[in-house]
Amino acid sequence: MIGGLFIYNHKGEVLISRVYRDDIGRNAVDAFRVNVIHARQQVRSPVTNIARTSFFHVKRSNIWLAAVTKQNVNAAMVFEFLYKMCDVMTAYFGKISEENIKNNFVLIYELLDEILDFGYPQNSETGALKTFITQQGIKGQHQTKEEQSQITSQVTGQIGWRREGIKYRRNELFLDVLESVNLLMSPQGQVLSAHVSGRVVMKSYLSGMPECKFGMNDKIVIDKQGKGGASDEAGKSGKQSIAIDDCTFHQCVRLSKFDSERSISFIPPDGEYELMRYRTTKDIILPFRVIPLVREVGRTKLEVKVVIKSNFKPSLLAQKIEVRIPTPLNTSGVQVICMKGKAKYKASENAIVWKIKRMAGMKESQISAEIELLPTNDKKKWARPPISMNFEVPFAPSGLKVRYLKVFESKLNYSDHDVIKWVRYIGRSGIYETRC
Amino acid sequence: MTDSKYFTTTKKGEIFELKAELNSDKKEKKKEAVKKVIASMTVGKDVSALFPDVVNCMQTDNLELKKLVYLYLMNYAKSQPDMAIMAVNTFVKDCEDPNPLIRALAVRTMGCIRVDKITEYLCEPLRKCLKDEDPYVRKTAAVCVAKLHDINAQLVEDQGFLDTLKDLISDSNPMVVANAVAALSEIAESHPNSNLLDLNPQTINKLLTALNECTEWGQIFILDCLANYTPRDDRESQSICERVTPRLSHANSAVVLSAVKVLMKFMEMLPKDLDYYGTLLKKLAPPLVTLLSAEPELQYVALRNINLIVQRRPEILKHEMKVFFVKYNDPIYVKLEKLDIMIRLASQANIAQVLAELKEYATEVDVDFVRKAVRAIGRCAIKVEQSAERCVSTLLDLIQTKVNYVVQEAIVVIKDIFRKYPNKYESVIATLCENLDSLDEPEARAAMIWIVGEYAERIDNADELLESFLEGFHDESTQVQLQLLTAIVKLFLKKPTETQELVQQVLSLATQDSDNPDLRDRGYIYWRLLSTDPVAAKEVVLAEKPLISEETDLIEPTLLEELICHIGTLASVYHKPPSAFVEGSRGVQHKRLPGSAGSGESVDSPDTVSAAGVSEAPPAVIPSQGDLLGDLLNLDLTPPTTSGPPPVPSSGMQMGAMDLLGGGLDSLMGDESEPPPIPLRTDTPQSPQLSHQSPSPPDYSPTELGGDLGGSPAMGAAFGAPPAVMPASFSAPVSGGLDDLFDLGGGVGMPMGAYSPPKTIWLPAMKAKGLEISGTFARRAGVIQMEMTLTNKAMSVMTDFAIQFNRNSFGLAPAGPLQVLTPLSPNQTIEVALPLSTVGPVMKMEPLSNLQVAVKNNIDVFYFSCQYPISMLFVEDGKMERQVFLATWKDIPNDNEAQFQIKDCHLNSDAASNKLQGSNVFTIAKRTVEGQDMLYQSMKLTNGIWVLAELRVQAGNPNYTISLKCRAPEVSQCVFQSYEAILKN
């Protein structure tokens, strides 16, 4: 199991050092600094073995988090724990920075004592932790016996992510379907790979212990229902359903029920959390198509023409569009003409950046540039990195639709109809590249 | 005010100030001071001097302050054990606190203080906490048992905590169950043979129930524990799989990977024709792909594991090639891993896409990545024959870029392509030769030289090219030198007329001017060959090479099986067994996949063995580079070791290279020990003439020569026999080297103890396609072992060893798999000890001690039979009570008595008794009647048969008389033979 956990600043100074196991000594702290943080080369692996001691590290801005062990631990678990640690810290004091860590080091030690026992991760849900680890540190004294046992049963219980007795005057929930669409396209317009990775994020402000059921246009569910119901409806809805390659759920979702019935039922944590992640690869709506044309005119000049076409309903508007056209390292000057938006050559980034604020569906726009090159004797050819694109669209490129989210709370006197529900779809570009 | 100020105190005399503040009356000031102490401790300052002052702050009702003091205690208690006792009272008191959080905190902290005196006081509170009414306290106490066990294992056992911990597996709270499982698993690791985690269907059921309810971390503990269970049959296996599969949708990647581990392992037991088996395979792919959208560090862990999974079950991800395409901004460690998997998944169906990608990658910036991409193109060519041509042309395009490292890497892989498809792509040689000057890496130079030598007859100026390399011969690395030597000899054999001078030059450079034993020895071998029998030389040096096989860099199957059992863990990230990086006893047990359905039962006839062998034969493996050293014919692609003998693999195996000269020179040196009629000549040998018309000697069949080069006595004789031309410098240094070689090779000492016959050849190489097995049986520390020496006398690498016995008289069966961890390369010898059990199926054999064995490797299945001395089966508790002996002796009918004579034995009765005792033949009484010693002895066989003996020894008479009485008189003959063997050795 995890033998120790260290947090360093960018210089390699230790900010937090907590050792759980006897086989990890103080010298491990230095070994990591010397061999990883101060290493001359770029880090080649997130797992480093130094003198039979293994170091797992993740970096958040300038801060290094390192878990140390001498045993054959579950490596995936260690990384998941490090991420979780980051989440917990963020939930407590915001951004992970040197300043924040120093300001909260007592709290961090307290957290580390609670969520990692002898190197074994324990309940690390912030909802539960916040009930008894507080920055005041004295809450323990004022709790009644009932409160105490409520805390402990929540920390160890089946529903460790939600406490009892939550009350809202207005029962409300927000669902965000956030998708990032990834594309790699050949210069000829052939899709080399495309997939959507999506997340359903839920903000719940519901009283009591509500039992929720979430439904979407999952092909498997709809086909199943179609078999039972009218055939023409099945045909109709079959078109609108989507094939989900795989999905993962927050730990509140009853996985065995999903496995057997493919229904998504759960008691949600209070506040914001990620209900599910999913991935689709079929029938993706690619919101933009990039058509590049690069022509080398002699050895000192390049002509670039890029056309972008929007491919969605004309009534919808895409926002924050940015096209990034890489230029060779020996570029000496660039002249750009674009029909829409603004384009600039950024020498420091070796790219022409073309920004368009808004663009409606089924439109087309174009940029052309002349790139002057310095003659070089560098034998190495310019690698022509792909043209990348960023955007935001108000629909889900995977075609996912939320069909329902039902809320049942038997003990309290509100019903599904009383809950105010909001749904929003946002599609963003992930890695959206076209080779040129 | 913020807490960061505590990090900035650097004043001198700070300790004194802190001391004063710690003893202050004001609570706030005290707390501030403790914070400062902890901050100093964090940055590595020694604040142990403040121990008593900090401990004084422990008596407080401020929880935050208390926790800080505890933190300090955990760090420094060990250095101040006497003072740490001061804290005990507070702990014991806190363990009784009404607040469960405080109780848990106390027991948690106490377990972290590694001071013996404190642990004594810990026992009582811990016992209470393990039975606490509050689950939070119980789950903390469960982990505390593991802590205590780490400090004092004996104490934990004596106090009966292990049983309490086992009870917690049935706790009503899922988190308590999970922590108890984690603690027990850890404790069990340090007691490999204990049955601590008594996994049976009932406990498994409890674990599976808890699995649905506990935290993500608890699910990981439980899944990792489940993976150690071996289901009784395929139905149980399937039902567990069914209950584990829902975990594949968990958001936590570690839960997913641990579930994959359980499924991969239990799947082995499912019959392949089962519908469920196919469903399961399909279910595994999507979660594995999803892992690739996790954070980069987790992607890395996932990719390393997918690499293993793809090797074990390629069918799972065969359609998912695209997800492994490299993204422009993937971290380099993710890129390199993806590349590996892309090659593993490459097939005829997707090769066009893969090649296009690889070509793209070859133009990236990162040198390592580009090199690997180029190498990958070569591997595709070898793997997918249809794509070879396209790969070659892609490589040529890349060579045209003139980027130095791309060119070099391309040449190295083209050499492999030539070996796979000889005489197909030679048209590219001209292009390669254009880049001769830019090659500065040994591997690339060696590859180029090999190409020139191999195709010398097609390259007009091959001699010029090779000569140009020869100029700086001594500055080259060993790899290049060896290659150059071989290439020039090849050239000479192909174009003898123009190249005599060149070959003489290189031979003299290699033998007289070089200190490198490998180079020198190879030089001499060529020299002798060329001067004695040029025809033979031609057949040796230009022999047809075995083709290289398609899959490269595969992990050796037994290791792969072990790593599959460790999916998700560090072992699977390093691709090494835990014993390679974990110290001490932990994790040293080798895990194995359970046998597939049906194979758990005994094998009735050898036919079944062969069927199993054929169905799962994986592709052959190109040996890792070091193993090629012995391959005189060919590629010296060893890492550049400059001098000294080649590195001995840590497993203690002999390496092919040592054998290369060992066997041959043995007889050579033997000849020289008599006054050797060797002409002392320091000049170069007469230029050998190629006499094409003379028929080659009949005993030189080309294939045999090629295969036997390493250490075959025939070769040695051929070397030593003719009055050869031998420079004076030969004998002295080589014999020195030889001693070393034999020291390394022959260092396997036999510990004294039970008698074990010398090894005999059980399976001659001729009958087993080059695999020679000699062996014996031994009983060591109560364990019957089959000790074997496997020698690879074939030309190709052998892998995938497995062994099985036919039914036999005493139910002998392998207790574990045959441990041949690395591929056995040509001329390599390996010692294997196979522990045997006696619980296998029984069938009476004729003779009684006959054992029929089937050995499988990647080439075929071979059968042989051998006989074991029955003394192997004499158990340690075979000493009978005197009275029982007398009664039994009388009880067994006289018809069962057998009498034998042991001739020519010169031991006295005591010495004989001692000797026999070593093999578990126990002397119960001794009587002397008229100068004749009568020894009454008993022994017990593994199957419970008692044998009673009366041994009569007369002083001065070398002949013993032995009477054996046994209820199963059939064994008497065998027992007698063992007696004879034991006494005479």
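1. Is B:E467 buried, partly exposed or exposed? In this predicted model, B:E467 has a relative accessible area of 41% and is therefore partly exposed. The residue lies in helix α26 (residues 462-470) of chain B. Together with B:E464, B:E471 and B:E501, B:E467 forms a negative surface patch.

2. Side chains of opposite charge can pair when their charged atoms come close. Over all chains, the structure holds 74 salt bridges. One of them joins A:E114 and B:R108, with the closest N and O atoms 3.5 Å apart. This pair crosses between chains, from helix α4 (residues 105-115) of chain A to helix α7 (residues 100-112) of chain B. Both A:E114 and B:R108 are buried.

3. Within chain A, A:E349 and A:R324 form a salt bridge whose closest N and O atoms are 2.6 Å apart. The two residues are 25 residues apart: A:E349 is in the loop between β18 (342-346) and β19 (351-360), and A:R324 is in strand β16 (residues 317-326). A:E349 is partly exposed, at 39%, and A:R324 is partly exposed, at 26%.

4. In chain B, a salt bridge of 2.4 Å, N to O, connects B:R371 and B:E441. The pair links helix α21 (residues 367-383) to the loop between α24 and α25, 70 residues apart. B:R371 has a relative accessibility of 19%, so it counts as buried, whereas B:E441, at 24%, is partly exposed.

5. B:L439 is also found in the loop between α24 (429-434) and α25 (442-454). Its relative accessibility is 2%, so B:L439 counts as buried. Among its contacts beyond four places in sequence are B:V407, B:I411 and B:M448. The C-alpha atoms of B:L439 and B:Q408 are separated by 6.1 Å, although these residues are 31 residues apart along the chain.

Conventions:
Residues numbered from 1 in each chain as written. Chains lettered and ligands numbered in written order. Predicted model: local features only at pLDDT ≥ 70, side-chain atom pairs only at ≥ 80, totals over all residues. Heavy atoms only, no water. Helix = DSSP H or I, 4+ residues; strand = E, 2+ residues; numbered from the N terminus. Buried < 20%, exposed > 50% of the residue type's maximum accessible area, 1.4 Å probe, protein only. Contact = heavy atoms within 4.5 Å. Patch = residues over 30% accessible without salt bridge, like charges linked within 9 Å, V, L, I, M, F, W, Y side chains within 5 Å. Areas by Shrake-Rupley, 256 points an atom, 1.4 Å probe, with all protein chains shown as cover. Salt bridge = Lys/Arg side-chain N within 4 Å of Asp/Glu carboxyl O. Lys, Arg positive; Asp, Glu negative; His and termini not counted. Charge placed at Lys NZ, Arg CZ, Asp CG, Glu CD.
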